[in-house]
Amino acid sequence: MAGLQVGVQKKGIVRGRQWPFHLALSASVLVIAFPLLYATLIATQTNAEIFSFKFTPGSALASNFDDVWVKREFSRAMWNSLQQSLWVTVGKTVLSLLAGLAFVYFKFRAKWLVFFFVLVTLMMPTEVMILAMFRLVSGFGWQDTMASITLPFIASATGAFLFRQHFANMPVELLEASQIDGATPFTFLTRVLIPLSWNIIGALFVIQFVYTWNMFLWPSLIIRDDSAQVVQVAMQTLLNFGGALTFGPLMLAAIIASIPPALVFVLMQKPFMSGFVTAQDK
Amino acid sequence: MRSRLRLFSLFAALGLVVAACGGGATEGTEAPADAPADAGAADGADGEVTTIGFWVAFSDEARLGFTKERAAEFNAKYPEYNIEVTSFASYNDVFDAAVLAVDSGEPPGIIHFFEAATRQALDAVGADGQPIFKSVTEAIGGRTEILGEPVILDDVVDAAKNYYTVNGSFYSMPWNTSSAIMFSNTDMLEAAGVMEIPETWAEVEAACEKVMAMPGAPAACITWPNHSWFVEQSLGQQGELLANNDNGRSGRATEVYLTSEGMIDYVSWWKDMADKGYYTYTGVQRDWDGTANAFLAQEVAMLIYSSSDTTFLTNSGKEAGFDVKASFMPYNGEREYVGNLIGGATLWLLNGMDKKAEDGALAFMNFFSNPENAAEWHRITGYIPITKSAEALLEQEGWYDESPNSRVASEQLAAAKNTPASLGALLGNFVAIRDIITIAIEDILVNDLDVAERMAQANEEANKSLAEYEALFGG
Amino acid sequence: MLIAALVTAALFGVVFLTREPRYRTPRRLGIGTTVSVAAAAAVPGTMGPCGFADESTPVDHVLFFALMLTSSWIALIVTRAIFDRSDGASPDTSAMTGEIRSGGFRTKPWVPWLLLSPTLVILIVFLYTPAVQTFTLGTKLARLGAPNSIDVCLSNFSELLIVDPVRLVAYPLVAVAAVYATSWWRRATSKETWSHRLAEVASTLSVLGIFVALWAIFSPGGDGQVAYRPVYVTTLIITIGTVATGMIGGLAIAYLAFRNIRGGGVYRTLLIWPYAISPTVAGILFFMIFDPTAGIFQYLAEVWFGVDVPNYRESAILAQAAIILASGWKILGYNILFYLAGLQTVPTSQVEAAVIDGASAWQRFTKIVLPSLSPITFFLLVTNLTYAFFEIYATIDFMTKGAPAGKTSVAIYEIIRVGVNNGDLGRGAAQSVLLFVAVIGVTLWQFRTSGERVTYGGAT
């Protein structure tokens with residue numbers, strides 16, 4: 001994977017000897033990676049091996065995996081989380097595109113009011129209203145459903161404003177040319193705007209996927225049934241296998257649970273970064 | 001350009017996944033919500049399978065596995081029924097989920113509630129004003145068998161029967177019932193020159209003095225979870241009430257007593273043990289896992305714990321190379337011993353099911369704790385055998401000779417005098433009040449506060465919480 | 001008392017509007033005063049004048065009064081905005097909404113509404129409705145599973161505060177006055193004078209004064225009040241600790257990694273991946289490292305240094321440090337990522353000029369790099385604050401569960417403990433409102449300082 005990732009200008013800020021930087025950077029990398037490396041070691045060990053502080057790979061990786069993936073059906077939680085993350089991500093992208101389109105390419109009464117209405121939600125994180133939301137959503141009878149962990153999150157002021165800003169910076173001629181070709185708003189969106197917005201969509205995708213995948217508090221309240229549980233909460237039941245704390249399976253689960261968001265992040269780093277730069281350009 | 005291509009192909013792939021899981025999503029997510037609804041809605045027509053939801057607060061292999069196996073056996077034996085087990089991470093989770101399910105009209109037929117929720121379960125009413133649960137005694141209506149399954153209610157051991165009998169009616173079906181007992185690492189005690197397992201507070205202290213003085217002494221001598229249940233156990237031992245109206249058994253409890261002599265003595269002893277470095281606090285409230293770990297890692301010599309893990313702790317000790325011996329929970333030697341109480345949970349029957357579903361649920365409950373099943377449940381966990389026949393069966397099999405530790409909890413409960421104090425309290429907002437007690441004790445242990453003062457503050461908070469509960473539910 | 005409050009609202013309306021000459025017409029003052037009084041009256045109108053009832057406490061009176069004035073204030077801001085619009089004095093909203101100057105689709109008028117409707121419906125149902133319900137729930141004694149609830153007016157709120165109404169009013173007023181006074185002083189003095197420097201120090205201190213005033217008005221417990229002051233202190237410590245650790249660490253490492261050296265790209269990738277790690281996993285990883293029985297931290301401390309580290313969950317300082325370390329570590333990748341991007345905007349020519357001028361590395365960093373990073377620093381400050389307010393819940397839940405004795409129970413953790421675990425919805429909601437106010441404060445400060453800015457990776 002060398003060579004890609006965060007682009008840096010050719011000119012560094014400081015010249016001089018390189019080895020102190022190599023040393024310092026290697027140290028930083030190690031410090032940052034340490035918790036995960038340590039968890040990887042623990043994931044292979046039995047409790048007895050952990051208690052005796054052996055720093056060589058243990059004997060229990062296969063049985064830990066069996067405990068986590070098969071016995072506790074962690075695979076099901078992963079599947080639930082994947083569904084949730086994709087629904088939210090795709091839903092949010094679509095709704096944000098539509099809202100951006102409406103804001104930039106239409107004139108209508110009370111637009112500024114609607115705009116403020118959306119803007120104000122930036123200061124309304126779900127967490128501060130979580131009890132009322134819990135009451136509301138469970139009042140719908142939605143506990144333990146996929147709807148309860150997706151629908152409330154598919155509208156986003158951040159996303160709408162991101163597209164609004166991106167569209168607003170596009171040349172007006174795009175619209176004029178399409179209108180001459182007789183484009184409807186829908187075909188304009190799909191044929192012109194979306195192809196020119198992949199970087200933003202990609203950036204939004206990474207952010208939203210990681211955000212949704214890592215969601216903990218809300219699912220822990222609204223999802224009680226183990227079979228509908230998402231990954232982050234399901235890990236809690238892995239603390240205990242047969243009586244006392246078991247560390248190996250828990251660490252293994254933590255690693256497994258981190259793979260999908262890490263994968264999305266690494267694979268989409270380039271559009272993410274360029275989307276980010278576009279957003280910051282303003 | 002390449003990045004755009006890659007991005008696009010990723011999206012295409014994602015699109016496929018979304019399309020593929022579209023159908024699965026609705027099926028997968030609606031099933032749990034729909035299934036319990038069947039419990040109430042089943043029409044009972046012949047030949048049709050009646051599904052009865054069974055919500056369980058266990059998620060580990062042993063307990064959940066046992067439950068699922070029994071449900072499968074029952075379903076095989078009675079093809080017209082389908083007991084559907086849904087698992088939850090904790091008692092609180094089941095309780096909250098059930099409360100919500102009742103509000104939205106889709107509760108399961110059988111719900112697993114812990115002892116502290118008894119008052120709340122009794123008080124629970126649905127939107128129509130009807131009680132949510134039905135007394136199992138009333139539902140059984142004097143029958144001695146249901147669908148051919150013998151009714152075990154009369155056979156239930158006294159401690160459990162007395163706890164769950166409210167206003168003369170056995171309300172819920174006992175299942176997992178335990179008591180607080182002590183586990184000792186006898187190898188370590190003997191190395192320290194403690195030959196007899198200590199029985200009273202003073203003896204525990206004396207033993208700890210020896211343990212901590214020996215060469216290669218462990219980090220501490222004893223631990224137990226900071227859980228209000230142990231406090232309640234101690235009050236029972238000392239014959240002290242937790243709440244008025246005979247612990248809420250001769251009338252609704254309207255006042256709690258967190259400043260009684262027994263309470264102050266117990267918490268003071270606890271703090272004293274901690275101050276001397278004998279007791280180690282794991283720093284986490286209700287820390288079952290952490291305390292058990294400390295014992296198994298031989299960081300302490302003694303552990304006061306629930307009997308529910310007798311089998312696990314005994315075997316794990318053996319694997320780690322030391323002998324584990326169970327004994328009664330240490331008591332206050334300066335007061336007459338009255339009795340320990342039970343802990344655990346029971347199965348509650350949903351009100352308003354049709355006859356076929358209700359009988360199915362009742363038959364399952366009785367099947368679930370029939371002598372063979374109850375004995376097996378005891379063997380794999382350490383919860384007491386819930387019926388006298390199960391006890392007899394185990395005796396006959398020679399189980400107790402093989403594992404004497406397993407007998408301790410039953411013996412301790414049998415030794416209790418049947419008084420309101422040793423039965424334990426029925427209390428509204430009990431979960432919140434337990435939390436208040438736990439927090440106060442943590443405060444005392446960690447911040448070195450005055451016991452009487454801090455408990456007085458807790459008493460005030462607890463009474464306020466109870467008063468609020470009574471304002472909402474009492475009338 | 002009610003009448004006194006309404007009269008105050010009327011006066012407030014007049015004072016609010018007379019500050020600017022263009023509102024100083026009789027008609028506008030009349031409208032403004034009416035609106036102000038009506039908005040204030042709406043509070044007792046909807047919930048009854050319960051805050052002034054005989055059985056309510058002096059603190060209830062104060063809160064009720066404050067609530068009425070807040071209602072007036074919001075109504076006045078809206079009124080003023082409407083006046084501005086009719087004057088044409090408001091900023092061009094079409095520029096703000098990003099509307100294109102010319103053209104646009106000429107379709108049926110409902111088409112844009114159709115496009116916006118899914119977003120608006122979701123926002124109304126899942127953000128505005130629960131937001132309003134959070135306030136109403138805060139005025140009730142309501143329990144999870146209880147079919148009915150009891151109105152308790154503002155007692156859930158007043159329980160969180162000190163019982164002395166005089167101090168309750170005085171502390172915040174003094175703090176706000178100090179902020180205004182020092183900022184006036186700063187503006188009144190000219191730059192590069194001692195007086196100006198002193199004023200700058202004083203105005204920074206006066207902002208801290210607000211935190212002190214808040215500390216002073218939250219109840220320390222006792223007297224039947226809820227001990228909210230410890231929660232406030234805990235939240236402050238853990239929030240500041242996390243944000244400082246994450247941002248200083250992030251900047252330092254990003255600055256280090258922003259070099260044109262061999263393998264730089266590899267280093268950068270290996271540094272930013274914790275962005276994808278969840279707060280839950282961060283909690284789990286550090287839970288393992290610090291575990292008193294099985295963790296490597298205690299083991300190595302003993303083997304290498306012979307230090308017998310106590311169980312971190314038993315010591316307030318260690319527990320807080322552990323939480324800060326875990327959550328700071330988790331946000332590090334995110335901060336490095338954005339600082340790396342931000343460092344690209346540092347003007348290289350200036351840096352090179354400084355090198356020629358013989359500026360030391362530290363001077364170059366503080367005089368050139370840091371100032372040009374300030375927009376991104378500010379952006380990160382806000383996102384890090386949000387993270388430390390909310391996302392940290394999962395980390396705490398795994399590592400300490402608020403132990404010892406609530407010393408790691410931050411505001412959001414406390415809300416769930418009270419509202420869900422204890423089932424006390426009303427009190428939980430009242431605490432939520434406090435957090436809500438804090439978030440609104442941070443957001444308004446953000447808007448004010450930076451104008452409208454795209455936030456990235458936020459929750460909504």
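Two residues are in contact if their C-beta atoms, placed from the backbone, lie within 7 Å. This is a predicted model, in which local features need pLDDT of at least 70, side-chain atom pairs count only at pLDDT 80 or more, and totals for chains, interfaces and linings use all residues. Residues are numbered from 1 along each chain as its sequence is written, while chains are lettered from A and ligands numbered from 1 in the order in which they are written.

**View 1. The contact between chain C and chain A.** Chain C gives 93 residues to this contact and chain A gives 101 residues. On the side of chain C that touches chain A, the largest share comes from helix H5 (residues 110-138) of chain C, with 16 residues. Helices (H or I, at least four residues) and strands (E, at least two) are DSSP runs, numbered from the N terminus. Sorted by class, that side of chain C holds 60 nonpolar, 28 polar and 5 charged residues. Here Ala, Val, Leu, Ile, Met, Phe, Trp, Tyr, Cys and Pro count as nonpolar, Asp, Glu, Lys and Arg as charged, and the others, Gly among them, as polar.

**View 2. Chain C as a whole.** Chain C has 18 helices and 2 strands. Its C-alpha trace spans about 70 × 60 × 55 Å along the principal axes. Of the 460 residues in chain C, 47% are buried (20 or more other C-beta atoms within 10 Å of the residue's own; exposed means 12 or fewer, partly exposed in between; C-beta atoms are placed from the backbone). Among contacts in chain C with a separation of 6 or more, 69% join residues 24 or more positions apart.

**View 3. The largest nonpolar core.** A nonpolar core is a set of buried Ala, Val, Leu, Ile, Met, Phe, Trp, Tyr and Cys residues joined through C-beta atoms within 7 Å. The largest one has 366 residues, and those touching the most other members are Val206(A), Ala254(A), Ile222(B), Leu303(B), Ala254(C) and Ile412(C). Helix H13 (residues 316-343) of chain C supplies the largest share of this core, 16 residues. Leaving out residues up to four places away in sequence, Val206(A) touches Val264(A), Phe265(A), Met268(A) and Phe272(A).

**View 4. The two domains of chain B.** An automatic or database domain assignment sets the bounds: domain 1 (46-177 + 343-399) and domain 2 (180-340 + 428-474) of chain B. Their centres, taken over C-alpha atoms, are separated by 29 Å. In chain B, 14 residues of domain 1 are in contact with 14 residues of domain 2. On the domain 1 side, helix H4 (118-123) and helix H15 (371-380) of chain B are the elements that give two or more residues. H4(B) gives the most, with 3 residues.
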